[in-house]
Protein chains: 2
Amino acid sequence: MATGRTHRPATRSRGIPEATVARLPLYLRALTALSERSVPTVSSEELAAAAGVNSAKLRKDFSYLGSYGTRGVGYDVEYLVYQISRELGLTQDWPVVIVGIGNLGAALANYGGFSARGFRVAALIDADPAMAGKPVAGMAVQHTDDLEKIIEENGVSIGVIATPAGAAQQVSERLIAAGVTSILNFAPTVLSVPDGVDVRKVDLSIELQILAFHEQRKAGEEAAAAATEPGSAVGGAAPAAAVVPPAGRTTAEARKGGPEGDVPAVMPA
Amino acid sequence: MATGRTHRPATRSRGIPEATVARLPLYLRALTALSERSVPTVSSEELAAAAGVNSAKLRKDFSYLGSYGTRGVGYDVEYLVYQISRELGLTQDWPVVIVGIGNLGAALANYGGFSARGFRVAALIDADPAMAGKPVAGMAVQHTDDLEKIIEENGVSIGVIATPAGAAQQVSERLIAAGVTSILNFAPTVLSVPDGVDVRKVDLSIELQILAFHEQRKAGEEAAAAATEPGSAVGGAAPAAAVVPPAGRTTAEARKGGPEGDVPAVMPA
DNA sequence: ATGCCTTTGTGAACGCGTGCACAAAGATTG
DNA sequence: CAATCTTTGTGCACGCGTTCACAAAGGCAT
Ligand SMILES: NC(=O)c1ccc[n+]([C@@H]2O[C@H](COP(=O)([O-])OP(=O)(O)OC[C@H]3O[C@@H](n4cnc5c(N)ncnc54)[C@H](O)[C@@H]3O)[C@@H](O)[C@H]2O)c1
Ligand SMILES: NC(=O)c1ccc[n+]([C@@H]2O[C@H](COP(=O)([O-])OP(=O)(O)OC[C@H]3O[C@@H](n4cnc5c(N)ncnc54)[C@H](O)[C@@H]3O)[C@@H](O)[C@H]2O)c1
């Protein structure tokens, strides 16, 4: 069992770089919006702005798909929507199962954006016997006992895990054994999966911690800047819209109230 | 207004690479688990396995924080937990507001893992007057009218957006004007924010589409492999657990039923 | 105290992703 | 038909991130 290997620096798909693949859905979304407004063509500059990326990057991304643009004009919106959809495999229908119908799983089941583009919730699965048969998002929850049968009968290859962390590894193993080869994991655990299985994780806690890091850094920098510029320490030459951070907590001082102040309780031995 | 710039190839923090910052929460989680099992020290090899990364990468990551290990022994678990927590800014308390208490927002509010590490849900905000005052996760939902007041009074610098896509940009602007400088966005939109504001997005739909891409690729490769090996076209030397894809649609042929077959309806003009 | 064994910390090489800048392509206009 | 203008597609350089591989450091046994 490969322990790490959750991400795929593995098989560089079919020439299309992973970074590009990750942006295609973004382009597709922007293009779909344009399509709904009946915009016939769009330049790389406009589309890039809508998708929030650099226009050169966008053109390079599209170049991996082929030469679908017209110089001097731009890209045909409808045509590009189709090409990207096809490249992403959205021209076919992907049945998906959600395992773990708690707070999050139920929210996911109720989420409309799912079926919007090629994905169809084939079944909701939970281990709680009390949940079995209950309707969630207009669909009866099924028991974990039938997991394998459900996967096989529906030809499911994509599974979503929204169980508690402790159950995630075991659930993934059952899913994989039954034929699932792609997993979207919401549980805060590292899943060990065999080669050939793709796992993507969504981890709220990690995202928040990354934000906290930058938030702390901003506070620290501001404190440092205030120190260098003695006059404007409190309310001096505040820039335009005055985005004043909550309080002037300095980064350097996160000391505990304890006597040793800087180390927790245990020293490195 | 900076249009793109959602991600930060921007200010390379304080020497700590962004990629490393993104992994610190992963290490922290693994270390916390070890700490709860009262494991005193851990080697880079063991910890890397637990976090699902390469051990050399882990050591390099830690080297940005300083020399906290002991050669021949490993790292002191408690000490490292504290150092990473401090680096991520988790030794202080971060009040967070959730805007948009629908399916997802309510699930987030109910999520325990929030408060587990430094984050505290300070308020739940929704635009629906019918929601105002209603208790969700033991907390009364407040109306959007009071958004600015809530942010300021609680010193909130991190906001979570779980509104429909159409409202997200406007909500972000109000949050930012009120003092929020970090946003976690669950709505499927590109947010335009001024410099100095960090945005991270969680996009279920994009994750699924990326999985679909790889899924399609696997199916295509399998079909190609089967074609090269004529004997085992249908049920020949199937590997172990027989991971049979839904149907034998080849990647190359996603043609529509129409006459022109390959293009959607409109040609590039 | 000495030598052995384990594990860290990092120099160096490599590969991927990004963005600049421009030539080529095509539309458009006179 | 020729000139001009717009926009694509990409060669190229650069920087970041990953990984290898190893010397130095420290513990531990004898
Ligand atoms: N709620 C959130 O906003 C949120 C945010 C981020 C991450 N998460 C993570 O998502 C997961 C689910 O969160 P939640 O709030 O919905 O939890 P929850 O406790 O409300 O729901 C978990 C569900 O999984 C079911 N379950 C347990 N073991 C199972 C098994 N072996 N097979 C199938 N079903 C099983 C339970 O019966 C329950 O219905 C957790 O790992 C949590 O850490 C949740
Ligand atoms: N539910 C999911 O699993 C899921 C998954 C991925 C993404 N999303 C996205 O998350 C967002 C929320 O999804 P949901 O399923 O919870 O939707 P929802 O419709 O259930 O909830 C949206 C809530 O936002 C409130 N709201 C609307 N405009 C507002 C405003 N201007 N200010 C404050 N509140 C406002 C509404 O009153 C409602 O309570 C959507 O953008 C959706 O695309 C949801």
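Predicted model: local features only at pLDDT ≥ 70, side-chain atom pairs only at ≥ 80, totals over all residues.
Residues are numbered from 1 along each chain as its sequence is written, chains are lettered from A and ligands numbered from 1 in the order in which they are written, and side-chain values use heavy atoms, with hydrogens and water left out.

**Stop 1: the two chains together**

Select chain B and then chain A: 85 residues of chain B are in contact with 85 residues of chain A, where contact means heavy atoms within 4.5 Å. Between them the two chains bury about 8000 Å², of which 66% is on carbon and sulfur atoms; buried area here is the accessible area (1.4 Å probe) that two parts lose on being put together, summed over both. Pick out Q209(B), L211(B) and F213(B), which supply 8% of the area that chain B buries against chain A, more than any other three residues.

**Stop 2: a salt bridge and the elements of chain B**

Next, select D203(B) and R29(A), which form a salt bridge with the closest N and O atoms 2.7 Å apart; the term requires a side-chain nitrogen of Lys or Arg within 4 Å of a carboxyl oxygen of Asp or Glu. Between chain B and chain A the count is six salt bridges. Among the elements that give two or more residues to the side of chain B that touches chain A are α1 (18-36), α4 (77-88) and α9 (204-228) of chain B, with helices taken as DSSP runs (H or I, at least four residues) numbered from the N terminus. Colour α9(B), which gives the most to this side, with 15 residues.

**Stop 3: ligand 1**

Now centre on ligand 1 and select the 23 residues around it, of which N103(A), L104(A), D126(A), A162(A) and T163(A) come nearest; a residue is near if one of its heavy atoms lies within 4 Å. Residues from chains A and B surround ligand 1, so the site is shared between chains. On the side of chain A, an oxygen atom of ligand 1 is 3.0 Å from a polar backbone atom of N103(A), and a nitrogen atom of ligand 1 is 3.2 Å from a polar backbone atom of A127(A). From chain B, a backbone N or O atom of A107(B) lies 3.2 Å from a nitrogen atom of ligand 1.

Finally, highlight α8(A), from which the largest share of the shell around ligand 1 comes, three residues.

Conventions. Polar contact = N/O pair within 3.5 Å; in protein donor to acceptor, adjacent residues only side chain to side chain.
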